[in-house]
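Here are my notes on this one, point by point. Have the model open as you read.

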Amino acid sequence: MSMLYKELQPADLYMIRLPYSLSDYDRQLLTLFYQPLVGAESISLYLTLWADGEHNDKERWSHYQLMNVLGMPIGKIFQARLALEAIGLLRTWKKTMEDGSVFHYELAAPLDAESFLKDPLLSMFLLNKVGENAFKQLRNRFILSSNWNDGFTDVSRTFVDVFKPSTKMNNTVSYDEDFESKERKSSVPFYYNDFDFSLLQEGLSEQLVPKSAMTIEAKEVIAKLSFLYNLSPVEMQKVVILALDDDLHLSEARLKKACADYYKLTVSKVAPIIEKIEKKTVPSEPTGPLTKEGELIHYLETTPPISVLKDIANGKEPILADVQLANHFVTHFKMPVGVVNVLLQYVLLRTDMKLTKNYAEKIASHWMRKNVKTAKEAMELARNEHEQYVKWKNEGSPQKTYTKKPTREEKVPDWFYKKDGETKKSTGKNTNGIQNIDEERQKLLAELGMLKR
C-alpha cells in the first residue's frame, strides 16, 4: 500500500471535464459492452464522475469523497481508474502542488456499437467474457434493420437546394482559431510502435506485397491481431500473404479472417483469451496467509474511516461530529487512511469511547511531525509513546477528587498489547506475578496437609 500513496492519496483533489454531452445510448453501451470487460466498480466510478461533471466542471473534489460515495477504499478506486484509462474511457492529467496533487479527469464517450463490435480486440475480449450466445444477442440488438426503408424514396433537399450565396458581405470570417473538437473516437487507444514492422516486411517481397498495401489502417489491424493471437512478425507474414486480395490490397475483414484461420490451423482451435494485468504495486487483497496483526493492518489500510467508526460502535451509525473529525484528518491534515483509522481506534478506546477532538489532534500532530505513513508505523509509535499520550490525556481532563472507589483500567486496542505475536512486557509481568502467587499457595496447602497427616 505504501507504493499507492506515491501516486494517489484520499486528500488529493480532482476536476472533471466532459468534452461532450453523454446520452442514454452511451449508458447502454457502458452497461452492455464495457462493464463485462472492466467490471462494475470501474463503471460505477465512470458514472459518478459523469454525474459530478454535469453538475459543475470547475469545482474540485477530494478523492476521499469518492471513497464515501462509492464505498470503496482508495486502492480499488485507483485500480478502477486504471481500467477506464486502458479501455479508452478516461484520460488523466496530474499536477503536483506543495500541499498535494490535483488530477484532471476527462471522460471519453464509449465507442458506438459498430466500431466496438468490429474492433478485433474488443469484440474478442467481450466474446470471452459473456459467451457466444450472449455475444450474438448483443450483436442482433444493435444491428440496423436492412428493410426499414423499403418502398420509400429519399426526397431530402441538399444545402444548395435551399440556400444561395449573397454578394453583400461587410465582414470577413477568420478560420485560424482552434476550436474544441467534439469528435468521438472510433477505436480503443492502442499503440503499435512495439510491433516490429521492419522484420515483417523483410520476409515480404515488393512484388508479392507492395508497400502501398501497408497503409496506416492495415498496420494498426496487423498489430492488434498480433497482440490478440500472440503471433510474431514472422508468423504475421503468412497472415498478410493469405489476406491479400486480387488487387494486392489488405482489407480489415480479410486480415481478421486470415489471422483466425491461421491460428486455428497452427496454434489452437480455441479462441484466445485476453486477461487483465494485475498491478503488483497496488495489491487489493493479501496474496498469502496473514497473521492476526497482518489482517488488522490490511483492514485498517483498506477500510474507510466511517466504516471503522461504525465497527467500533458495534454496527451503530457514528454521529456527525465524529465523522466530520475523521474527514478533517484525511482532507485537511492529508493523513493516510490507515493512519487515521489507527488514531480513531486508539483515542476512542483510551477515552472510554469519547472522541475528544483536542486530544486526537494533539496525537495526530505528533504523528505528522514523525511522518507516519502507514497503519503499522502508527501502531508502533502508539505503543512506544503510550506513557506520553497518557500524560497529554490527563492534562486535558479536569482534576476531580473521588471517595473510595475501585480503580478501573482503561481500555486500549487489542493491537496495543500485541507486537509480532508477543505480549507487552508490563502485562507479562503482572500475569507471571499472579501465577507465582497461585503456585506458592498450592505449596503451602500441600505442606499443611502433610503436617495434619
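1. Start with the packing of helix H17 (residues 337-350) against helix H18 (residues 357-369) in this predicted model. Their axes come within 11 Å and cross at roughly 140 degrees. Because angles over 145 degrees would count as roughly antiparallel, H17 is oblique to H18. The crossing of the two helices, H17 and H18, is right-handed.

2. Which residues make that contact? From H17 come Val339, Val342, Leu343, Tyr346 and Val347, while H18 supplies Tyr359, Ala360, Ile363, Ala364 and Trp367. By class, the H17 contact with H18 has 10 nonpolar residues, with no polar and no charged ones.

3. Now the strands. S1 (residues 13-17) pairs with S2 (residues 61-62) in the antiparallel sense, over two bridges; tyrosine 14 sits opposite tryptophan 61 in S2. S1 also runs parallel to S4 (residues 100-107), joined to S4 by five bridges. There, leucine 13 has valine 102 of S4 as its bridge partner.

4. A word on confidence. The protein chain averages a pLDDT of 78, and 74% of the residues score at least 70.

5. Two stretches to flag. Residues 279-284 stay under 50 in pLDDT, and the model has 10 contacts for them beyond four places in sequence. Over residues 398-409 the pLDDT is also below 50, and that stretch has three contacts beyond near neighbours in sequence. Where pLDDT is low, the predicted coordinates should not be read in detail.

Technical notes:
Residues are numbered from 1 along each chain as its sequence is written. This is a predicted model: local features need pLDDT of at least 70, side-chain atom pairs count only at pLDDT 80 or more; totals for chains, interfaces and linings use all residues. Side-chain values use heavy atoms; hydrogens and water are left out. pLDDT is the predictor's confidence in each residue, from 0 to 100. Contact means heavy atoms within 4.5 Å. Axes are lines fitted to C-alpha atoms, for helices over the stretch in contact, and angles run from 0 to 180 degrees between N-to-C directions. Helices (H or I, at least four residues) and strands (E, at least two) are DSSP runs, numbered from the N terminus. Angles under 35 degrees count as roughly parallel, over 145 as roughly antiparallel, 65 to 115 as roughly perpendicular and the rest as oblique. A crossing is left-handed if the near helix is turned anticlockwise from the far one by less than a right angle, and right-handed if clockwise. Ala, Val, Leu, Ile, Met, Phe, Trp, Tyr, Cys and Pro count as nonpolar, Asp, Glu, Lys and Arg as charged, and the others, Gly among them, as polar. Two strands pair if DSSP finds at least two bridges between them.
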